Amino acid sequence: VDRAIGGAGSSRAVGRRRLGVRTAWGGRGGEDPLGARVVREIRAEGVEVHCPRDPQRPTGLMIKSRPTGSTTRVDYYRSGSAASALTPADLPEHLIEQAEVLHVSGITPLLSASAHATVVSAVRRAAAAGVRVSLDVNHRSRLGSRDRLAQLLADVLEHVDLLIGGPEELALLAPDLDGAEPAAVLEALARPGRQVVAKLGPDGAAALADGRLHEARGHVVDVVDTVGAGDAFVAGYLSAQLDGLGVPERLARANACGALACTVPGDWEGAPRREEL
């Protein structure tokens, strides 16, 4: 049994930092050895960590197994965890207002009512300060249904400048188009000033921005572990945007990051640095 840290938010934070983006990560951990390890390892990657420690609740646990040589199973133990008790009071003062981009995930609002309130508070603070908001839908069916996530994300969607997800994840925000081609879903979710990006796995990615559809082919790699590939993709896209690159270049970097992440076991260990791209 190998022990390591994982999670979508921390994986994206590490991925962006490795690409040269100054990054802060916020969460909540237990006052236990696992919580200490989470903070230590994320901080060791150069990420600024804001993680209150809860003496009453444990750090959440994820068990990843390989039932066959080509499949990965992930089981989460989050009920009653420190992260599920996340509240708006855990958000650092001024940090969001000083950021260029706030990135949030659809995982967090499904953890609990207080975690949902935290996401809403963070997004509204960002919008009020003129900070761009990025959202990865990141639906986890074991945490809640598609309808439930769509309901929760409706509270922040109007403030989202960059919307990312797989085709089925994006379709839950446009239920009338469930099963439609990715381009139709992107069009339905587009707004002035908003980019909508579809992660298409080995088929690459597509993005609709400023009324133009951009498509980028994926890469063929020897897959070791696909967990974390989507997070690496998001890190690549956001870092390229912050570098001032155009949408085609953002997609190209994102696809490369996602592909490289698949070649290494672990949630974030395969996140590339610039020289590796």
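User: Which residue in strand 11 does V197 stand opposite?

Analyst: This is a predicted model, in which local features need pLDDT of at least 70 and side-chain atom pairs count only at pLDDT 80 or more, while totals for chains, interfaces and linings use all residues. Residues are numbered from 1 along each chain as its sequence is written, and side-chain values use heavy atoms, leaving out hydrogens and water. Strands of a sheet pair through backbone hydrogen bonds, either parallel or antiparallel. Here, V197 stands opposite A207 in strand 11. Strands (E, at least two residues) are DSSP runs, numbered from the N terminus, and two of them pair if DSSP finds at least two bridges between them.

User: How many bridges join strand 10 to strand 11?

Analyst: Four bridges join strand 10 to strand 11 (residues 205–209), and the two run antiparallel. They form a hairpin with five residues between them, and G201 in the turn has a positive phi of about 60°.

User: Which way does strand 9 run relative to strand 10, parallel or antiparallel?

Analyst: Strand 9 (residues 162–165) and strand 10 (residues 195–199) run parallel, joined by four bridges. L162 has Q195 as its bridge partner, and L163 has V196.

User: What is the order of the strands in the open sheet?

Analyst: Six strands form the open sheet in the order 7-8-9-10-11-12, with mixed pairing. Strand 7 (101–105) and strand 12 (212–216) are the edge strands, each pairing on one side only.

User: How many residues of strand 10 are buried?

Analyst: Buried means under 20% relative accessible area, calculated with a 1.4 Å probe on protein chains only. In strand 10, five of the five residues are buried. Q195, V197 and K199 lie on one side, and V196 and A198 on the other.

Terms used. Buried means under 20% relative accessible area, exposed over 50%, partly exposed in between (1.4 Å probe, protein chains only).
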